[in-house]
Amino acid sequence: MSAIVTEELNTAPFDPRFPNQNQTRYCWQSYVDFHRCQKIKGADFAPCEYFQKVYKSICPNSWIEKWDSQREAGTFPKKI
């Protein structure tokens, strides 16, 4: 008999800056905020994880992969 593992799934909380159903800007801003936070505060700064949880819950994986590749190549279209 195998044990049933339950995991609580959460999505990004409401942000009044992005009140519409289209969450593209919320996704983008959370991705940028996470990487800026890590750059300024360091990779071990726990509050940065909030932004990471948000963008990972609402951004399509293909966008994240593309943006990660652009950051590594130095062609990301936003200053971080």
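Good morning, colleagues. Because the model is predicted, local features are described only where pLDDT is at least 70 and side-chain atom pairs count only at pLDDT 80 or more, while totals for chains, interfaces and linings use all residues. Residues are numbered from 1 along each chain as its sequence is written, and side-chain values use heavy atoms, with hydrogens and water left out.

I begin with the overall layout. The chain holds three helices and zero strands; here helices (H or I, at least four residues) and strands (E, at least two) are DSSP runs, numbered from the N terminus. Read from the N terminus on, the order of elements is α-α-α. Of the 80 residues in the chain, 25% are buried, where buried means under 20% relative accessible area, exposed means over 50%, and partly exposed lies in between, with a 1.4 Å probe and protein chains only. Contact means heavy atoms within 4.5 Å. Among contacts between residues at least 6 apart in sequence, 62% join residues at least 24 apart.

I turn now to helix 1. Helix 1 has 18 residues, and the distance from its first C-alpha to its last is 26 Å, close to the 26 Å expected at 1.5 Å a residue; the expected span is 1.5 Å times one less than the number of residues. Its buried residues are Y26, C27, S30, Y31, V32, D33, F34, H35 and C37, and these pack against helix 2 and helix 3. After helix 1 comes G42, with a positive phi near 105°.

How do helix 1 and helix 2 pack? Their axes are 8 Å apart, at an angle of about 145°. Axes are lines fitted to C-alpha atoms, for helices over the stretch in contact, and angles run from 0 to 180 degrees between N-to-C directions. The crossing of helix 1 and helix 2 is left-handed; a crossing is left-handed if the near helix is turned anticlockwise from the far one by less than a right angle, and right-handed if clockwise. On the helix 2 side, the residues that meet helix 1 are Y50, F51, Q52, V54, Y55 and I58.

F51 lies in helix 2 and is partly exposed, with a relative accessible area of 24%. Leaving aside neighbours within four places in sequence, F51 is in contact with S30, D33 and F34. The C-alpha atoms of F51 and H35 are separated by 8.7 Å, the two residues being 16 apart along the chain.

Finally, helix 3. This helix covers residues 61-73. Which of its residues are buried? They are I64, W67 and Q70. Seen down the axis of helix 3, the buried residues fall within an arc of 130°, so they line one face of the helix; the arc is that of the directions from the helix axis to the C-beta atoms. The face turned away from that buried side carries the exposed residues N61, E65, K66, E72 and A73. The buried residues of helix 3 pack against helix 1 (24-41) and helix 2 (49-58).

The axes of helix 1 and helix 3 come within 12 Å and cross at roughly 40°. That makes helix 1 oblique to helix 3, since angles under 35 degrees count as roughly parallel, over 145 as roughly antiparallel, 65 to 115 as roughly perpendicular and the rest as oblique. This crossing of helix 1 and helix 3 is right-handed. Helix 3 is followed by G74, whose phi is positive, near 75°.
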